[in-house]
Amino acid sequence: MEKLGRVFFFGIAYAVMLAGMGVGIWALCRLVGIGLEFLRTGKVKKPDRTLSKHPLGGASLRAKASWLVCCLEEALLAGGLEPYPDQPGDCPWHPLLALLWQVAELPAPLVDREWLEKVAGWLPSEVLTPYPHPERSQGSGEAERFAAAWALYTRAGYRMAYLAPLVELPVRLVRDYWDDPTARSDDILALLEEARRLLEDYNIPLPPQDRVEFLAKQKDIGPGDPFVGRQCSYFVAW
């Protein structure tokens, strides 16, 4: 019986030792990671536990921007602006939506350069300004795009109170955080929460759970790899 007790005690001590070694190895790896991050960036980022609990907390920047486009589409449906089209591309909002959905599919260099330049001509903050831009009076693609956007937003009328920020949110996400999306993860979460509150304030349904689950699978701490985001769209064929 005494031998059995010694064996039992030795087993517990051995298990505690192994557990301690495991914790020590984890702590060492963590310290090495922090040291490498400090050497690379000159600062140490605190872990963002709030974002990690968000359904899209671990998703790529492309996926988060795509969710914001989903919010815009839900608002269009709820506002009666876009019934389900009989044919892809029939809806007046299709040109803008097709452009916004490119954020999920274009290669990285094009998203933060050419895409931002193209989508800037559709931003309500640029179109609905009392100060005309010089290029709008010229016979160019810019003038045509401005005219199309102006007509689109004019028809939307009072609904632009919630549609305007929903159009701008995915663009703000890319413009402000594409280069380093982990730098201000709380601010990224704030943009997602802003869209959620807008929908709830106007009694607009949130994007369906199947879309959230699909986008949540696009995991990456950065912009992420391209994927076919249009499969989440009601209006843009893929």
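I began with Tyr153 and looked up its contacts (heavy atoms within 4.5 Å): leaving aside neighbours within four places in sequence, Tyr153 touches Trp93, Leu96, Trp122, Leu123, Pro124, Val127, Leu128, Met160 and Val167.

I note that this is a predicted model, in which local features need pLDDT of at least 70 and side-chain atom pairs count only at pLDDT 80 or more, while totals for chains, interfaces and linings use all residues. Residues are numbered from 1 along each chain as its sequence is written, and side-chain values use heavy atoms, with hydrogens and water left out.

The chain has 10 helices and zero strands, and 39% of its 238 residues are buried, where buried means under 20% relative accessible area, exposed over 50% and partly exposed in between, with a 1.4 Å probe and protein chains only.

**Helix H10.** Which residues of H10 are buried? I found Arg211, Val212, Leu215 and Ala216; they lie on the same side of H10 because they cover an arc of only 130° around the axis, the arc being that of the directions from the helix axis to the C-beta atoms. H3 is among what covers these buried residues.

**Ala59.** I placed Ala59 in the loop between helix H2 (49-53) and H3, where it is buried at 2% relative accessible area. Leaving aside neighbours within four places, its contacts include Leu215 and Ala216, and its C-alpha atom is separated by 9.0 Å from that of Pro223, 164 residues apart along the chain.

**Rings.** I looked up the aromatic pairs (Phe, Tyr or Trp rings, the six-membered one for Trp, with centres within 6.5 Å; planes under 30 degrees apart are stacked, over 60 edge-to-face, the rest tilted) and found five. Phe214 and Phe227 are edge-to-face, 5.9 Å centre to centre with 70° between the planes; Phe214 lies in helix H10 and Phe227 in the segment after H10, so the pair ties together parts 13 residues apart in sequence.

Conventions. Helices (H or I, at least four residues) and strands (E, at least two) are DSSP runs, numbered from the N terminus.
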